[in-house]
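Please keep the structure open while reading.

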Protein chains: 2
Amino acid sequence: MQESMTLAAIGAIVGAVALLFALVTFAAILKESMGTPKMKEISEAIQEGAMAYLNRQYKTLIPFTIIIAILLVLVLPRLDPRVQGGALAVSFLVGAISSAIAGYIGMNSTTKSNARTAEAARSFGLGKALKVSFRAGAVMGLSVAGLGLLGVSVLFLIYKDPVVINSFAFGASAIAFFARVGGGIYTKAADVGADLVGKVEAGIPEDDPRNPATIADNVGDNVGDTAGMGADLFESYAATTIAAMIIGNSIFGVKGALFPLVVGAIGIIASILGTFFVRTGEGGNPQAALNVGLWSTNVMTAIGVYLLASWTFGSEGLGIFFAVLAGLIVNVAIGALTEYYTANNKPPCLRIAEASKTGPATNVIHGLAVGLESVFWPMVFFAGAIYFAFWVAGWIQPTHAIYGIAMAAMGMLSTAGIVVAMDSFGPVADNAGGIAEMAGLPPEVRQKTDKLDAVGNTTAAIAKGFAIGSAALTALALFQAFADEVVRNPKLQHLLTNGHLVINLNDPLVLVGLLIGASIPFVIGSSTMRAVGEAAYGMVNEVRRQFREIKGIMDGTEKPDYARCVSIATGAAIQKMIFPGLVAVIMPLIVGFGLGALALAGYLAGLTATGVLMALFLANAGGAWDNAKKWIEAGNLGGKKVDGQPNPVHQAAVIGDTVGDPCKDTSGPAMNPLIKVAGTISLIIGSVLFH
Amino acid sequence: MQESMTLAAIGAIVGAVALLFALVTFAAILKESMGTPKMKEISEAIQEGAMAYLNRQYKTLIPFTIIIAILLVLVLPRLDPRVQGGALAVSFLVGAISSAIAGYIGMNSTTKSNARTAEAARSFGLGKALKVSFRAGAVMGLSVAGLGLLGVSVLFLIYKDPVVINSFAFGASAIAFFARVGGGIYTKAADVGADLVGKVEAGIPEDDPRNPATIADNVGDNVGDTAGMGADLFESYAATTIAAMIIGNSIFGVKGALFPLVVGAIGIIASILGTFFVRTGEGGNPQAALNVGLWSTNVMTAIGVYLLASWTFGSEGLGIFFAVLAGLIVNVAIGALTEYYTANNKPPCLRIAEASKTGPATNVIHGLAVGLESVFWPMVFFAGAIYFAFWVAGWIQPTHAIYGIAMAAMGMLSTAGIVVAMDSFGPVADNAGGIAEMAGLPPEVRQKTDKLDAVGNTTAAIAKGFAIGSAALTALALFQAFADEVVRNPKLQHLLTNGHLVINLNDPLVLVGLLIGASIPFVIGSSTMRAVGEAAYGMVNEVRRQFREIKGIMDGTEKPDYARCVSIATGAAIQKMIFPGLVAVIMPLIVGFGLGALALAGYLAGLTATGVLMALFLANAGGAWDNAKKWIEAGNLGGKKVDGQPNPVHQAAVIGDTVGDPCKDTSGPAMNPLIKVAGTISLIIGSVLFH
C-alpha cells in the first residue's frame with residue numbers, strides 16, 4: 001500500500017507539474033506584444049465575447065450540476081446503503097469544476113494569443129508566429145491532461161476507490177456534452193450568419209470589420225473548437241483513466257489501478273518534452289515541425305510505458321505494453337484515414353469537387369457518399385485494436401485480457417497533451433488571420449497566418465479522429481467497467497453465470513436496449529442540426545437588420561453592433577443545448593431503471609456503435625465538403641468567378657460546405673461526449689440497479 | 001406426420017390458388033382496351049424497356065447463381081458431411097428462379113396495365129381506373145405471396161427439413177438484393193436525366209414525348225418500385241416463413257414448423273378477400289377504398305390466426321396469437337409514423353419547406369434532421385414488439401418465448417399480398433399519367449390519374465415502412481434460427497453454455513463483429529449513392545447530346561432516340577449493382593469463416609441495427625424532401641414561379657428533392673435485402689462453421 005500511494009502521488013505531482021508548465025508558458029506568452037491599438041481592441045472584443053459565453057454557459061449549468069449532486073447524495077444511498085453518496089457528489093463536483101477550469105484556462109490562453117500571433121507574424125515572421133500560437137495550444141493541452149491526471153490522482157489518494165471517483169469523469173462528461181453542443185451551435189450560427197449575409201449578400205470579404213457578425217464568428221472559433229474539444233478530451237482522459245483503474249483494480253489489485261495513472265504521467269512528460277521539438281524557421285514547414293513534436297511524443301511514451309510495464313507486471317508486462325502500443329498506433333491510423341477522406345488533393349474530395357459541376361444536389365450526394373464510405377476502415381482498425389489488445393494482454397493469463405482494451409484506450413489518450421496542443425493552435429492562427437484582416441495589416445501578415453491556419457485544419461482533422469477514437473475506446477473501457485460493477489451488485493447476482501455478467505444478444509432485453517441505444521445518436525444528430533439551423537436563422541435576420549438600419553456600416557462611417565450578434569449567438573446556443581443534453585443524461589436512467597442492467601448494457605453497445613459511426617460520417621463528410629470548396633477556390637474548375645460572374649461550380653460547392661458545417665462542427669462532435677456520458681452514468685448507477 | 005403433411009399441402013394449395021387468382025385477374029385486365037394506337041405504342045415501348053432490363057439483369061445473375069449452387073454442392077459437404085449439398089443447391093435455384101418469375105409476372109402485369117388504366121380513366125372514370133390499376137397491383141402482390149408460400153410448402157413436402165429449404169430464402173434474397181440495387185440505380189439515373197436536362201434545362205414538362213429519357217423514366221418506375229419492392233418482399237416472406245419454421249420445429253416439432261405456413265395461407269386468403277373491398281365511385285376517395293381493403297385483410301387475418309393458434313397450441317395458443325397480433329400492429333404503427341414524417345401537411349415536411357426560404361443548404365440540413373429524427377419511434381415500436389412477443393409467447397412456457405419473435409414477423413408479413421398490391425398500383429397510376437401526357441389525352445384524364453398517383457405515393461410510403469419493418473423482424477427471426485443452427489453444429493459445442501449459444505457482448509469477438517457489421521450499411525449506402533450519381537451523369541450527357549444533335553426534337557419533327565437512353569440506364573444499373581452485391585454476400589463469409597460464429601452473430605446484430613436505422617433515415621428524409629417540394633409546387637411559399645421568374649424557394653426545394661431521390665429509392669431500399677442476405681447466408685453456413 002505504501003508503494004502504491006507513492007505511485008498515486010507521482011500522478012498527482014506530474015499533473016501539478018503539467019499545470020505549472022502550462023502557467024509558465026502562459027506567462028511567457030503574455031510578455032509578447034499585442035501589436036497596434038486596433039489589434040488589441042479587436043482581440044479584447046473576441047476575448048470578452050468568449051468569456052461572456054463561457055460564463056453564461058457555466059452559469060446555466062450550475063442548477064443542473066447541483067441537482068445531480070443532490071441526487072447523488074440523497075437518492076443513490078437509499079437505493080443501496082453501500083454507496084458513498086457524499087464521495088460521489090464531491091467527485092462529481094470536482095470533475096465538473098475541473099472541466100470548467102480547463103475551459104477557462106484554455107480559452108484565456110487562446111484568446112490572449114491571437115493578436116500576439118498576428119503581431120509575431122508581422123514583426124518577426126512565421127517561426128515566431130508558430131511558436132506563439134503553438135504555445136497557446138500547449139497551455140490548453142497541458143491544462144487538460146494535467147488537471148485530468150491531478151484530479152484523478154488526488155481523489156484516489158483520498159477515497160482509494162476508483163468506482164467512487166468515476167463520478168469525477170461523470171461530472172466532466174456532463175459538462176463536456178453541453179460545452180460541445182453549446183459551443184458547436186454557437187460557432188456555426190455565427191459562421192453561417194457572417195457568411196450568408198456578409199459574404200454572399202453584402203459581398204464583403206471574410207473577417208471584414210463591417211460585418212456585424214465577425215466578432216461572434218471569431219468568438220465561435222474559440223468556444224467551439226477550443227473549449228469544446230478541450231472539454232471533450234478532458235472527459236475522455238478522466239473516464240479512460242478511471243475505467244482502466246477499475247478494471248485494473250479488480251484484476252491486479254491496487255497495482256493495476258495505479259498503472260494507468262503512471263502511464264498518464266509518462267504521456268504528459270513526453271508531451272511536455274515533445275512541445276520543445278516544435279520549431280521552424282522562416283521558410284520552414286510548420287506541418288513538419290508539428291509532426292516531429294507528435295512523433296517524438298509517441299516514441300517517448302512508448303519507451304516509457306515499456307519500461308514501466310516490465311517493472312510493474314514482470315513477464316506479463318510485454319503483453320500490456322503491446323496493448324498500449326495498439327492504442328498509440330490506432331491513433332496514428334485514424335488520423336491518416338481522416339486526412340485521406342478529407343484532404344483536398346485526395347480522390348474523395350476531388351470527387352465532390354467534380355460533382356459540383358452538375359450542381360449542388362450532386363455535390364451533396366457525393367459528399368454524403370464520402371462520409372458514409374469513410375467509416376469502414378476506421379471501424380476495422382478499432383475492431384482490430386480491440387481484438388489485438390484483448391488477445392495480447394491475455395496471452396499469459398487469459399483472465400487479464402480485458403485489461404488490454406482499457407490500456408489500449410489509455411495508450412491512445414496518454415498523448416492528449418500534445419494532440420490538444422496541436423488542435424488548439426489552429427483557432428489561434430485562424431483568429432490571428434481575422435485580426436490581421438480587421439486591423440488592416442499588410443497582406444503578407446495574413447499570408448503567414450493563412451499558412452498556419454491551413455496546417456491548423458489538418459491538425460484539427462487529426463484531433464477529430466483522435467477524439468472519436470478515444471471516445472470509442474473509452475466507451476468500451478467504461479462498458480467493461482460497468483459489467484464489473486454489475487457483478488458486484490448484490491441485487492443482480494441472478495444475472496451472472498459463473499460469476500460473470502453475460503450480456504447475451506439472444507436475450508430480448510439486450511436487443512431492446514441495443515435498438516434503442518442505436519437510435520439515440522440519430523436523435524442527437526437531428527436535434528443539434530435543427531438547433532444550428534434555427535440559431536443561424538436568428539443570426540441571419542439580425543445581421544440583415546443591422547445592414548438595413550445602421551446606414552453607415554458599408555462606407556465605414558458607423559460601426560456595427562458586434563455585441564448584439566455575440567449575445568444572440570450566446571442565447572441561442574445556451575437555449576438549444578438543453579434538449580440534447582437532457583436526452584443524453586436521462587435516456588440511460590430510463591433504460592437502466594426501467595428495463596434493467598442487461599438492457600442498459602445493450603443500450604451502451606448500440607449507442608457506442610452508431611455513435612462512433614455517426615461521428616466519423618458527419619465529421620468526414622463535413623471536412624470533405626469544406627476542402628472541396630477550398631480546392632475550387634484555389635482556382636480549380638474555374639475558381640470563384642468565371643468571366644467576372646460567380647462560378648456556378650463554386651456556388652454548388654459553397655452549398656455543400658454549408659450543409660457540412662453543422663455536420664462537422666456540431667452534430668458530429670456531439671457524439672463523443674454522448675457516448676461517454678452514457679458510459680459514466682451507467683457506471684455510477686451500475687451498483688444500484690435493481691433488475 | 002400424416003396430419004402435418006396435410007397442413008403443408010394446404011400451404012401449397014393456397015399458394016397455388018393465389019397464383020391462379022393472380023393469373024385470372026391478369027387475364028381480366030388484358031381484356032380491357034389499351035386506348036388509342038398512340039397509347040398502345042407508348043405502353044409497348046415502356047414494356048419493352050422494362051423487359052429488356054429484367055432480361056439483362058437476370059442474365060447477368062446467371063453465372064453468379066450457378067457459382068453459388070456449385071459451391072453449395074461441392075464445398076459445404078466437404079466442410080461437414082451431414083450437409084445435403086444437393087438439396088441446398090436445388091432449394092437455392094428454386095428460390096432464385098421463383099424470385100425471377102415473381103418479377104416477370106409483376107412487371108408484365110404493371111406494364112400491361114398502364115395504358116389500360118389511362119384508357120379506363122378516359123372512357124369510364126376514376127372508379128374503373130382504380131379497379132384496373134389496383135388489380136394490376138394485386139397480380140403482383142398475390143404472385144409474390146403465392147409463389148413464396150408454394151415454394152416453401154413444396155420444398156418442405158420434399159425435404160421435410162426447414163434448414164435445407166432456407167436455401168430457398170437465400171436464393172430469393174441474393175436475387176432481391178441485386179433487383180433492389182439495380183432497379184434503384186436504374187430508376188434514379190433515368191429520373192435525374194429526364195428531370196435535369198428535360199425539365200430544368202430544356203424547360204419541357206414532365207413526361208413530354210420530346211424528352212429522350214421519358215421512356216426510360218417510366219421504365220424505371222416499374223423496375224425500381226415494382227420489381228424491386230416485389231423481390232424484396234418475396235424474400236422477406238420466404239425468409240420469415242422459413243426462420244419461423246426452423247424455430248418452431250426445434251421447439252414444438254413439426255407442428256411448430258407448419259404453423260407459420262398456415263398463418264401465411266390465412267394471410268393470403270384474407271388478402272384475396274380484401275382486394276374485393278377496394279372499390280370506389282367517380283367522386284369517391286381512392287385512399288379510403290384502399291384503407292378498407294387493408295383493414296379488412298388485417299382483421300380477417302387476426303381472426304383466422306386466433307382460431308388456428310387455439311386449435312394448434314391449445315392453452316398456449318393465445319400467447320402465440322398475441323405475438324402475431326403484435327406484428328400486425330407494428331405494421332400499422334410504422335405505416336402511420338412513416339406517413340407523419342413524410343406527409344406534406346405535417347410539421348416535419350413543413351419545416352423543410354420553410355427552410356427552403358433561406359436556400360438549398362438549409363433545406364438539405366433540415367431534411368437530414370427530419371430523416372435522423374424519424375428513426376426513434378419506429379425503433380421503440382420494434383423494440384416494444386420484440387419484447388412483447390417474446391414475453392407473451394413465453395407466458396406459459398418460458399422456453400417457447402423465442403417463437404414469439406418469429407411469429408410477430410410472420411404476422412407482419414402475412415398480409416404481404418395486399419400490401420404489395422397497394423404498393424404496386426402506384427407505379428401503374430404514375431405510368432398511366434405519363435402515357436396520358438405523351439399521347440396527348442385531354443387534361444381531365446391526367447387529373448384523374450394524378451389523383452390515383454397521389455394516393456400511390458402514400459401507399460408507397462406505407463409499403464416502404466412495411467418492407468423495413470418486415471426486414472427488421474425477419475432479421476431477428478433469422479438471427480434466432482442462426483443461433484439454433486450453431487447449437488446443432490458439433491464443432492461449435494465449446495461455444496455453448498448449458499446447451500445454449502451465448503453471444504456475450506463482453507466477448508471481444510462479438511464486439512469486433514458488431515462494429516464491422518454496423519459499418520456495412522454505411523458502405524452500401526455510400527456505394528449505391530455514388531452509383532446513382534455516376535449513372536445519372538452518363539444519362540445527363542446522353543440527353544444533352546440528343547437535344548444538341550437531333551435538331552428536330554424540340555419542334556416535334558424528329559423523334560428522340562428513346563431506346564438509347566433505356567440502354568444506357570440498363571447498362572449502368574447492371575454494372576454498378578455488382579460491387580454492393582459482392583460486399584453483401586462476401587462479408588458474412590469473411591467474418592464467419594475468418595473470425596468465427598460469435599463474430600458472425602455480432603456482425604448480424606450490428607448490421608441489422610444500423611441497417612434498419614439507415615433504411616428509415618434515408619427513406620423518410622427522401623420522402624419528406626419530395627413532399628416539401630410538392631407542397632411548394634401546390635402554390636405555397638410562392639409556388640413554382642414568382643412574377644414569372646423561377647421562385648428561388650422552389651428551386652431550393654428541388655435541390656433537396658434531388659438529394660433525396662437516391663436516398664429514398666436506391667440506398668434506403670437496399671438496406672432491407674442487405675440485412676436479409678446476411679441472415680440467410682449465416683443460417684446456411686451456421687452448420688459448417690468451424691470456430
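What is the relative accessible area of Glu235(B), and is the residue buried or exposed? The model is a predicted one. In it, Glu235(B) has a relative accessible area of 0%, so the residue is buried.

Over all chains, the structure holds 62 salt bridges.

| Pair | Closest N to O distance |
|---|---|
| Asp207(B) and Arg446(B) | 3.3 Å |

Start with Asp207(B), which forms a salt bridge with Arg446(B). Asp207(B) sits in the loop between helix H6 (162–201) and helix H7 (214–252) of chain B, while Arg446(B) belongs to helix H16 (residues 443–488) of chain B, so the pair ties together parts that are 239 residues apart in sequence. Asp207(B) is buried at 7% relative accessible area. Arg446(B) also counts as buried, at 19%. The cut-off matters for that value: buried means under 20%.

Lys576(B) lies in helix H18 (residues 562–576) and Glu534(B) in helix H17 (residues 508–549), both of chain B, so parts 42 residues apart in sequence are tied together. Lys576(B) counts as buried at 18% relative accessibility, whereas Glu534(B) is partly exposed at 34%.

**Charges in chain A**

Arg116(A) is another case. This residue is found in helix H4 (residues 85–123) of chain A. Which side chain of opposite charge is nearest to Arg116(A), and how far away is it? It is that of Glu32(A), at 7.1 Å. A salt bridge needs the nitrogen and the carboxyl oxygen within 4 Å. Arg116(A) is buried yet has no salt bridge. Beyond its neighbours within four places in sequence, Arg116(A) is in contact with Ile29(A), Leu30(A), Glu32(A), Ser33(A), Met34(A) and Val132(A).

**Helix H7 of chain A**

Helix H7 (residues 214–252) of chain A has 39 residues. At 1.5 Å a residue, the helix should span 57 Å; its end C-alpha atoms are 55 Å apart, which agrees. Of the 39 residues of H7(A), 35 are buried, so the helix is largely enclosed by the rest of the structure. Gly253(A) follows H7(A), with a positive phi near 80°.

**How the two chains relate**

Chain A can be laid on chain B with an RMSD of 0.0 Å; this takes a turn of 180° and a shift of 0.0 Å along the axis. The two copies are thus related as by a two-fold rotation axis. Which residue of chain A has the C-alpha nearest the axis? It is Asn504(A), 2.3 Å from the axis. The same surface serves both copies, as 100% of the contact residues of chain A recur in chain B.

Definitions and conventions: Residues numbered from 1 in each chain as written. Chains lettered and ligands numbered in written order. Predicted model: local features only at pLDDT ≥ 70, side-chain atom pairs only at ≥ 80, totals over all residues. Heavy atoms only, no water. Helix = DSSP H or I, 4+ residues; strand = E, 2+ residues; numbered from the N terminus. Buried < 20%, exposed > 50% of the residue type's maximum accessible area, 1.4 Å probe, protein only. Lys, Arg positive; Asp, Glu negative; His and termini not counted. Contact = heavy atoms within 4.5 Å. Least-squares fit on C-alpha atoms with pLDDT ≥ 70 in both. Expected span 1.5 Å × (residues − 1).
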